[in-house]
Every structure is written in C-alpha cells, then in structure tokens.
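Thanks for coming. I will take one model this time and go through a few of its parts in turn.

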Amino acid sequence: MTELKTYANLIGGELRPGADTLDSIDPATGQVWARIPRGTAQDADDAVASAKRAFPKWSSMPAAGRAFFLRKVADVFAANAKELAELETRDNGRIINETSKMDLPGMTYLWTNAAGECATAVEGKSVIFGPGSMGYTRREPYGVVVGIIPWNSPISTFSAKAAFALAAGNTVVIKPAEQATVSMLRLAELLQGVLPKGVLNIVSGLGEECGDRLVRHPDVGRVSLTGSTETAKIITRASTDALKPLALELGGKSPNIVFADADLDKAAEGVSTRSIFTGNAGQACLAGSRILIERPVYDVMIEKIKEKMAAIRLGDPQSTETTMGPIVSKEQYDRVVSYIEIGQKEGAELLYGGRHGAELVEEEFAGGYWVEPTLLAAADNSLRVCQEEIFGPVAVVLPFDTYEEAIAIANDSPYGLASGVWTSSLATAQRAAQDIQAGYVWVNTYRRVLPGLPFGGWKDSGYGHDALLENTREKSVVLEL
C-alpha cells in the first residue's frame with residue numbers, strides 16, 4: 001500500500017506539520033488519498049504574528065519591488081500548472097478540462113496583472129486650496145488581510161484574494177476549506193522562498209478551530225470570505241468587536257432569462273452546460289440554477305436543454321472525455337439529493353435526471369458522490385428549490401408571459417449574485433441589465449468573469465470585492481506651506 005502524503009502549513013516562510021491531521025477525501029472514489037494539517041488557534045496566532053512582522057518591510061517596499069515578487073509567483077504557476085490542476089481535480093472533483101484549461105492558465109495572467117497594478121495602489125490625488133495651502137490623499141494597506149476560500153475553486157479564489165492584497169502592500173493569511181486543501185498546500189511548498197518570509201501564510205484546518213481565531217484576531221485588519229451566506233453571518237458576528245472591514249462573496253440563486261427572440265440553440269447551451277450542468281457539477285456560487293423561459297418558446301427550449309443534458313458524461317475527473325465531475329463530499333451529496341426529493345414533494349415536475357449514486361459511473365468510481373444533472377419544472381417561484389441554494393447540478397425551470405413577470409421572478413430571491421439574459425433585442429438587454437437586482441449580469445453569455453470588472457453580490461449574496469483598491473484605505477492630508 002502506498003503511504004499517503006501528509007502536507008504542512010506555510011507559516012513564517014516555513015513548512016510546519018500539524019500536531020494532528022484531517023483526511024482528504026477523493027470525491028470521485030470516496031477514498032482517503034492525502035492528509036492535511038488540522039490547524040489550531042495557536043497556528044492561526046502564529047500565522048498572524050508572522051504576517052504582522054513582515055508587514056512593515058513589505059508595505060514600505062517600492063511598488064516595483066512588490067511587482068517583482070508577484071511576477072515570480074506568476075512564474076511558479078506557469079511552471080507547475082499541470083501538477084496543480086491535477087491535484088485540484090483530485091481534491092474537489094472538478095474536471096481536468098476546467099482546472100487545466102481555464103483555472104491554471106488564468107492564474108499566471110492574474111498574478112502578472114496584479115504585479116502591473118502595484119503602482120496604482122500608491123497613487124493619490126492632490127487638491128490646491130489656495131496660495132500655500134494644499135491637500136492630498138494617500139492610499140495605505142490595512143496590514144494583515146485574512147482570506148477564507150471555498151472548496152469549489154481553491155486556487156483561483158486564493159489568487160483573487162492574495163494577489164491584489166499583496167499588490168496593495170498588505171501581508172496575507174489564507175485559510176482554505178478543509179474539504180479541498182491539497183492544491184493549496186502543494187502551492188505553499190512551491191512558494192516557499194519565493195516571497196519574503198511571512199508575507200504569505202497558508203493555514204489548513206477546521207473553521208471553528210483556526211478559522212474563527214483568524215477572524216477574531218485583533219491584529220487582522222481586513223477579512224475577505226468566499227463562501228456560504230450562513231458562514232458570512234457567523235464571521236460578521238465574530239468580527240464586530242474590532243469592526244473589521246469585510247468583503248463577502250456568497251451564495252446565489254441566479255436567474256437565467258430566455259426571451260422568445262433569443263438564439264435558442266445558443267441559449268440552450270448557455271443555460272445548461274455553460275451555467276449549471278458544468279464540470280464542477282453546478283457547485284458554483286454563480287450557477288444559473290433558475291431558468292426562466294418565455295412561454296411561446298418554453299416547450300422548444302425544454303427539449304433543447306434536455307438534449308444538452310443527455311450529452312453530459314460523468315466519470316473519471318482526470319479524463320478529458322468527462323464533462324461533469326462528482327459532488328465534493330458525502331455531506332454535500334446528501335444535501336443535493338435531498339433537494340431533488342424536496343422539489344418533487346413540493347409539486348415540481350421531474351423533467352430530466354434525478355438519479356444518483358454508483359449506477360451512474362464505472363465500478364472504479366462507485367464509492368464517489370455522483371448526482372445526475374437534474375431539471376425540475378415549477379409553476380411557483382416560492383418553492384424551496386426555487387428559493388434556496390442547492391449547490392449542485394439541479395436547475396428549476398419556470399415559464400413567464402411578460403417582461404415584467406420575468407423581472408419579478410428574477411428578483412424574487414434573497415440572493416443577488418449573478419444573472420443571465422438571452423435576447424436579440426438590445427433594448428431588452430439594456431433594460432434587464434438595469435432592472436435585475438444582482439451584482440453581475442451576462443447578456444447572451446454566462447460565467448465569463450473578466451478582469452477589470454468587479455465581481456460581487458447584492459442582498460444575501462454579500463458585498464465588497466477583492467479588487468486592488470478595496471485592499472487599501474484612503475487618508476487625507478492637508479498642508480499649509
């Protein structure tokens with residue numbers, strides 16, 4: 001039997017094994033394949049202390065100096081993209097076609113882009129009040145920034161949080177999700193010695209044991225979370241003693257609206273395999289889990305969507321032939337399956353899918369957490385499957401008759417993260433972009449998160465961004481000469 005690799009935390013530039021470990025489960029097989037540190041409150045304290053010690057030198061470094069180091073991180077991603085993609089695929093089940101062709105190439109670009117923005121972080125403005133009197137603004141980092149990242153896309157979320165926080169002059173502590181940490185800890189090994197000691201720290205463990213301590217720590221200046229709305233509420237309450245600024249990118253129940261004048265073939269792909277029935281099995285905060293279809297094209301669209309679903313192939317996430325991977329954990333698997341049952345009990349009609357378990361895959365993967373892409377039809381947006389985030393390959397389709405009805409259904413949600421609009425009318429597109437209550441609106445496309453545009457939510461989907469300037473605070477200075 002091959003001995004399982006045990007990974008270590010990165011604290012103060014050193015790889016530190018945990019006093020205890022957690023099992024990392026391969027969701028495609030249900031088997032333990034690695035061990036990760038079970039970080040403690042002491043590990044959290046040590047990571048923050050290390051980041052605090054590194055902050056004065058890092059923040060006072062010229063912008064060009066920080067840019068030099070961030071480009072070195074980009075080089076690490078470029079040189080190790082294949083290995084990191086394979087590790088992340090094994091860790092959370094997201095198919096190799098997505099991790100290797102989308103996520104990892106994008107990280108090299110993201111870190112290079114962050115390096116190019118270092119100078120922007122130190123720019124201010126000046127105001128002349130009169131002879132001998134002027135003012136100016138300074139942008140300054142917060143100090144130690146904590147990033148709490150999810151299991152569905154660890155490396156890309158880590159990069160979005162860490163790269164721009166570092167570019168702004170902050171030092172960083174990252175807490176990955178315990179369900180998928182290995183790619184982050186391997187990255188920690190690769191980055192050891194690339195950045196100055198203490199500038200970046202990565203601490204694995206349970207949220208209630210080390211994550212809670214990081215959020216509450218008095219020396220942490222800012223906290224950025226990508227996760228669930230419930231986790232955000234816990235963090236918000238935990239951070240109130242010190243009134244820390246928070247950035248919360250949370251869940252969603254995103255509407256995908258298909259108007260009768262849309263290109264129906266393009267829309268069918270956009271609302272299915274490019275939105276919810278994806279390589280990570282719909283486990284994405286921005287997944288278009290509510291499909292709204294104008295009634296004249298409702299039946300035609302349903303058939304087109306079902307054709308797309310029928311072509312989806314479940315199986316080995318490392319195979320380029322696979323188009324959908326497993327659910328990340330037994331707990332999440334049980335949750336997704338329960339919602340399929342809840343929806344039908346509430347009166348939703350099962351249009352496609354609904355199966356789950358070993359029958360969907362080859363024997364080698366029979367112990368994994370597999371759910372078939374599932375489409376439910378509902379006449380009432382008040383059903384739980386229409387209101388609550390499922391976080392799996394389960395979508396609900398609802399018909400509408402008028403533009404006003406479509407917008408009312410789209411906005412009838414506690415969430416407001418993302419949305420899609422499918423139409424050939426520029427007027428309808430512009431109107432919907434204004435009327436939809438969400439932080440991101442795609443028109444005739446979906447899941448394209450592009451640099452230069454902020455990504456964040458409204459309502460229970462959170463607030464704030466991980467962009468460069470949000471990692472700084474502004475100070476005003478008045479001079480009498």
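I start with helix α12, residues 403-411, whose buried residues are Tyr403, Ala406, Ile407, Ile409, Ala410 and Asn411. Buried means under 20% relative accessible area, exposed over 50% and partly exposed in between, with a 1.4 Å probe and protein chains only. Helices (H or I, at least four residues) and strands (E, at least two) are DSSP runs, numbered from the N terminus. The cover over those buried α12 residues includes β13, β14, β17, α13 (426-435) and β21 (458-459). Contact here means heavy atoms within 4.5 Å.

Some bookkeeping. This is a predicted model, where local features need pLDDT of at least 70 and side-chain atom pairs count only at pLDDT 80 or more, while totals for chains, interfaces and linings use all residues. Residues are numbered from 1 along each chain as its sequence is written, and side-chain values use heavy atoms, with hydrogens and water left out.

Now the sheet. Seven strands form an open sheet with mixed pairing, in the order β15-β16-β17-β14-β13-β19-β20. The edge strands, each pairing on one side only, are β15 (349-352) and β20 (440-443). Two strands pair if DSSP finds at least two bridges between them. Strand β19, residues 418-422, runs parallel to β20 over four bridges, and Ser419 stands opposite Val441 in β20. Helix α9 (298-310) packs on this sheet, touching β13 (255-258), β14 (290-294), β15, β16 (374-377) and β17 (394-400). The direction of α9 makes about 140° with that of β14; axes are lines fitted to C-alpha atoms, for helices over the stretch in contact, and angles run from 0 to 180 degrees between N-to-C directions.

Next, Pro317, in the loop between α9 and α10 (330-346). Is Pro317 buried or exposed? Pro317 counts as buried because its relative accessible area is 4%. Its C-alpha atom is separated by 4.4 Å from that of Ile95, 222 residues apart along the chain. Leaving aside neighbours within four places in sequence, the contacts of Pro317 include Arg94, Ile95, Ile96 and Trp370.

Last, the record. UniProt, in an unreviewed entry, places "domain: Aldehyde dehydrogenase" at residues 20-468; its positions are given in the numbering used here, feature names are shortened, and annotations may be inferred rather than shown by experiment. Over residues 20-468 the chain is 39% helix and 20% strand, with the end C-alpha atoms 36 Å apart.
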